[in-house]
Amino acid sequence: MNNILDWKEYSRAARNAAAEGCVLLRNEKQALPIRPGETVSVFGRIQLDYYKSGTGSGGMVNVPYVHSILDGLREHKEIQIYEPVLTEYRRWTKEHPFDRGNGWGTEPWCQEEMPLSDAFVADAAAHSDLALIVLGRTAGEDRDNTLQEGSYYLTQAERKMLKIVCAAFPRTVVVLNVGNIMDMSWVDDYRPSSVLYVWQGGMEGGCGAADILCGLSPSGRLTDTIAFDYSDYPSSRNFGSTKENFYAEDIYVGYRYFETFAKDRVRYPFGFGLSYTTFSAQHAMSEAPDHLTVTATIKNTGTTAGKEVVQVYAEAPQGLLGKPSRVLCAFAKTGTLQPGCTETLELTVPKSALASYDDSGATGHKSCFVLEAGTYTLYAGCDVRSAAPVGSFFIAETLVTEALTECMAPVKEFSRMKPDTASAGFGTDHPYRVSYVPVPTRTINPMDKRAASLPACLPYTGDTGIRLSDVKDGHADYAHFLAQLTDEDLKHIVHGEGMCSPKVTPGTAAAFGGITEHLQHFGIPAGCCSDGPSGIRMDCGATAFSLPNGTLLASTFNLALVKELFTFEGMELHSNHIDTLLGPGINIHRNPLNGRNFEYHSEDPYLTGMMAVAQAEGMYHAGVSGTLKHFCCNNQEMSRHTADSVVSERALREIYLKPFELCVRSGYVRSIMTSYNPVNGIWTAGNYDLNTSILRNEWGYTGMVMTDWWAKMNEEGGAPSPQNIAAMVRAQNDVFMVTPDTTAYEDNLTDALADGRLTRAELTRSAENICRFLMESPAFAALTGSDTPVEQKNRPAEFSSEDLGSMTAHKIGTDTAIPLAEYPTDAGTFFVLALTFEQEGTYRFSLAASTEASEHAQMAVTLNLDGTVLHTYSYHGGSTAPVTLSRDKEVRGTTHYLKVFFSHSGLKLHELNIQRI
């Protein structure tokens with residue numbers, strides 16, 4: 001492994017990804033690119049306030065900089081910005097600052113927009129060749145999009161801006177700095193020349209977008225279908241419930257639904273995206289006994305260099321189970337082709353990848369993946385709608401490709417969608433009519449499976465001198481190593497500590513593994529994990545690289561580029577002593593309103609899974625692991641802790657579990673996080689079928705599983721509780737995240753061991769999974785002296801001298817209270833106190849703060865003393881009463897500088913008490 005992380009190369013890869021993920025949906029009369037020598041007027045406040053990511057843990061990266069779209073345009077010296085428009089926006093935004101909300105999950109979906117007059121726009125049109133209109137949206141954790149203006153729909157101010165500018169300028173380009181698809185009906189109303197989705201591209205995103213605007217040919221493709229109306233999405237009738245959501249659309253998610261039932265309701269199809277050049281393609285298919293090969297010869301027939309994406313889809317016979325008319329089964333991207341140049345790609349499709357899961361027994365093979373008898377046709381093209389037939393093969397008799405057992409089947413009766421093959425459709429736009437059939441319900445109780453396969457372990461032996469390094473070296477096995485641990489040790493190891501544990505990298509999400517002195521005595525290190533999919537979150541204020549969001553990365557359709565980018569990310573993790581990143585997020589875009597869609601990738605499970613494999617492989621080669629999340633069906637943020645996902649076993653296996661399966665089978669993943677929600681009545685953190693029957697017994701996973709933070713578990717039919725750790729361990733979910741102190745956390749492990757609800761062997765099994773993960777981690781390598789540290793070069797400075805601003809001075813005696821109520825506490829800000837201590841010694845720094853945020857809000861404030869983290873104080877919502885947290889620190893010398901940094905908004909400081917002890 002290369003042990004030098006060069007931020008210049010890191011930035012280059014991120015900028016390339018941000019550019020390749022841009023999706024051009026419209027380009028009338030070649031309005032784009034901007035030509036050299038042209039002048040552009042830029043409208044919309046988001047030109048100055050670029051959204052690098054969505055909100056919540058998936059985007060909370062402290063960054064050294066964020067390049068806006070305007071910054072990127074400035075780098076292109078061959079074009080000019082019309083300054084009077086920019087000057088007015090700068091003046092107006094000073095009077096109307098960016099609204100970051102007040103605490104966790106309160107940032108608005110959009111920002112106030114500057115009103116425009118006809119005269120102002122007319123002047124700009126008279127002095128410019130074209131107009132850019134930049135629109136922005138955000139959403140995130142605990143905050144879904146809604147069917148409101150300013151969220152899924154445009155505001156009246158945005159509509160007025162589009163109307164005035166599109167009427168005044170002959171060339172208008174709308175740039176969408178958003179985390180998710182949105183309503184696009186305004187394209188019909190105002191008919192801008194060009195529409196470009198640039199998504200949320202991290203700290204280099206604005207430059208990547210500008211590269212496309214100024215001439216780099218776009219090659220991004222849609223990872224979701226954009227329908228004419230929200231009501232066209234089949235999940236729209238079953239989304240947003242606070243109690244339960246029935247997945248009645250079943251496997252017909254996104255284009256699988258539209259291409260089967262409603263082709264005429266698609267505005268922009270899955271996989272669609274325009275280029276500045278043109279391509280020709282010749283496709284051919286060959287057949288082997290177990291796989292198919294599609295050969296695609298792509299030629300650039302235009303006048304501009306560019307890249308093309310080849311997409312291969314399958315159509316299976318309807319048979320007895322019913323099938324979507326199209327399913328993505330392979331994709332590839334060319335390199336940069338100069339005009340007149342050609343590249344040939346080979347795409348391989350295993351025949352088994354075309355199988356369907358029979359959860360009803362209709363084929364005579366219940367709980368099996370089968371290839372039903374009939375003709376299978378492959379299609380190839382540049383999007384799902386334009387893909388043309390390239391070949392077919394015939395199966396005479398139904399074949400079983402994988403025999404499994406029933407898992408996670410629903411217990412509630414409901415009906416699901418299926419093509420009606422008995423009656424004709426409505427023409428080419430409606431190949432099949434929609435019918436509904438009963439969903440098969442559960443016949444096997446998962447607790448019976450657990451009882452039939454309880455693990456065994458050696459009895460407790462006490463310390464026999466075996467250390468984890470002995471297991472690593474092959475001198476001992478896990479059974480004898482773990483037999484040394486007491487029941488208390490085993491209870492401690494299945495808890496993580498956080499957030500912002502002082503035992504690992506400051507400001508990160510959790511420490512796990514060797515979090516007590518006795519566990520460390522056996523050579524078990526404390527592992528470190530950090531949010532999130534968009535980069536490293538360190539609530540201590542330390543900066544990190546902010547990556548493009550998941551939707552953008554998937555839109556590149558470029559696995560090699562994504563792997564390269566996450567190799568850099570893995571090196572950054574390694575250099576910060578972080579063993580696993582809490583990402584990628586690989587839930588399905590079931591509905592366009594899900595607030596965390598920006599973290600996730602696509603409505604398609606294959607594209608999602610392959611993108612996640614590329615990310616996991618990149619981190620793997622840097623010596624760290626990703627943590628796949630959220631396992632599974634975290635498809636809405638509203639009531640995410642309680643809303644039950646009621647879904648068929650077939651839909652689970654073919655859609656919602658498939659990305660996780662692809663990643664696990666790749667071998668690059670050693671950590672998985674379960675979701676908050678229940679699936680078919682059982683909370684995932686304690687779901688035996690999910691975490692043992694499927695994940696480990698079927699897929700062969702041997703890594704670690706953790707809960708989401710402060711998750712709940714339940715006994716089937718009972719209420720969920722974060723204290724039900726016994727249900728978690730029984731399910732083989734190994735680590736509860738998180739507790740402030742594992743030795744003081746009150747749970748049910750002791751009682752469960754005593755009354756037989758849980759066995760020591762099950763605790764030992766989870767301990768083995770945790771140790772197996774740690775044994776391959778940088779933390780273990782560092783403990784055993786075998787780690788190769790990663791050095792960083794060309795890294796931007798943390799803070800400049802100008803950042804310090806004005807300081808206030810305080811003399812510190814034996815007991816000094818410093819009032820802090822007047823200081824601002826906005827996210828990403830800090831202030832500095834100059835402290836003069838009358839005596840050296842050990843001091844207790846006690847910080848009193850309160851918040852009005854909700855129960856699951858996470859807020860942190862970090863105290864840095866002379867550039868070294870003193871402590872990160874982590875507060876939680878749910879009570880408005882002041883909470884005082886303390887940390888002791890030895891102080892030498894008299895004059896010191898204390899920086900107080902806020903990673904979140906929503907805290908109200910009261911005072912800092914510094915007491916000599």
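In the predicted model, L835 has H896 of strand 42 as its bridge partner. This pair belongs to the contact between strand 37 and strand 42 (residues 895-902), where 7 bridges are found and the two strands run antiparallel.

Strand 37 also pairs with strand 35 (residues 808-812). Here the direction is parallel, and 5 bridges connect the two strands. Within strand 37, F837 is the residue that stands opposite I812. Strand 37 itself spans residues 830-837 and is mostly covered, with 7 of its 8 residues buried; buried here refers to a relative accessible area under 20%. In general, the strands of a sheet pair through backbone hydrogen bonds, in either a parallel or an antiparallel manner.

Another part of the chain contains an open sheet of 4 strands, arranged in the order 14-13-18-19 with antiparallel pairing. Strand 14 (327-333) and strand 19 (388-395) lie at the edges of this sheet; each has a single partner strand, so one side of each is left without a neighbour in the sheet. From one strand to the next, the twist averages 20°.

How values were computed
Residues are numbered from 1 along each chain as its sequence is written. This is a predicted model: local features need pLDDT of at least 70, side-chain atom pairs count only at pLDDT 80 or more; totals for chains, interfaces and linings use all residues. Side-chain values use heavy atoms; hydrogens and water are left out. Buried means under 20% relative accessible area, exposed over 50%, partly exposed in between (1.4 Å probe, protein chains only). Two strands pair if DSSP finds at least two bridges between them. Axes are lines fitted to C-alpha atoms, for helices over the stretch in contact, and angles run from 0 to 180 degrees between N-to-C directions.
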